[in-house]
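Good morning, and thank you for coming.

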Amino acid sequence: MEEWLQNGDYFLVDIIFSADDRIVIEIDHADGVWIEDCAELSRFLQEKLGDELGDYELEVGSAGLGQPFKVEQQYKNHIGDEVEVLQQDGIKLKGILKAVDGRQFTMTVQEKQHVEGKKRPVIVDVDKTYSMDEVKSVKYLLAFK
């Protein structure tokens, strides 16, 4: 499977072995995944595995749009996009994903802050850095403009 993924610049997001004898494989790509891509990978795996699949049903799909990120590459693909972070304390923040460095990511959020000489708070851009392991979830926010 690795050779098929690399040949098309796809990456593996998840493999799930369900209780009802299904193997669910989620893939992604920087430019998105088409149904034809999923069908092609499914055929490739069935040819390679053949009888080894046994009674398992193979299902290949794309990582769901609007679903939480599962792997680092998904973060990298969405640099410059608006994302939503669900912190461990349950607070949700929306901002622009600015950078990814290993298991760390930085996003720019807008916050109200009191500025000396101003009576009212002003909105400023603030960079916040998180560890992917320290947040409950991060997901891409689809914008309809």
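**Strands, cores and surface**

Strands β5 and β6 pair in the antiparallel sense over five bridges. Please note that this is a predicted model, in which local features need pLDDT of at least 70 and side-chain atom pairs count only at pLDDT 80 or more, while totals for chains, interfaces and linings use all residues. Residues are numbered from 1 along each chain as its sequence is written, and side-chain values use heavy atoms, with hydrogens and water left out.

Let me define two terms. Strands (E, at least two residues) are DSSP runs, numbered from the N terminus. Two strands pair if DSSP finds at least two bridges between them.

Within β6, threonine 106 is the bridge partner of alanine 99. The hairpin of β5 and β6 has two residues between the strands, and glycine 102 in the turn has a positive phi of about 65 degrees.

β4 and β5 also pair in the antiparallel sense, over five bridges. Here glycine 95 in β5 is the bridge partner of valine 83. Four residues lie between the strands of this hairpin, where glycine 90 takes a positive phi near 90 degrees.

What does the largest nonpolar core contain? It has 16 residues, and those with the most contacts inside it include Tyr75, Phe105 and Tyr130. At least two residues of this core come from each of β4, β5, β6, β7 and β8. A nonpolar core is a set of buried Ala, Val, Leu, Ile, Met, Phe, Trp, Tyr and Cys residues joined through side-chain atoms within 4.5 Å. Buried means under 20% relative accessible area, exposed over 50%, and partly exposed in between, with a 1.4 Å probe and protein chains only.

A second, separate core of 14 residues includes Trp4, Ile27, Leu45 and Leu53.

Returning to phenylalanine 105, and not counting residues up to four places away in sequence, its contacts (heavy atoms within 4.5 Å) include Val85, Leu97 and Val138.

Leaving aside neighbours within four places in sequence, valine 124 is in contact with Val109, Gln110, Glu111 and Gln113. Its C-alpha atom is separated by 9.8 Å from that of histidine 114, ten residues apart along the chain.

Finally, phenylalanine 17 in strand β1 (residues 10-17) is exposed, with a relative accessible area of 58%.
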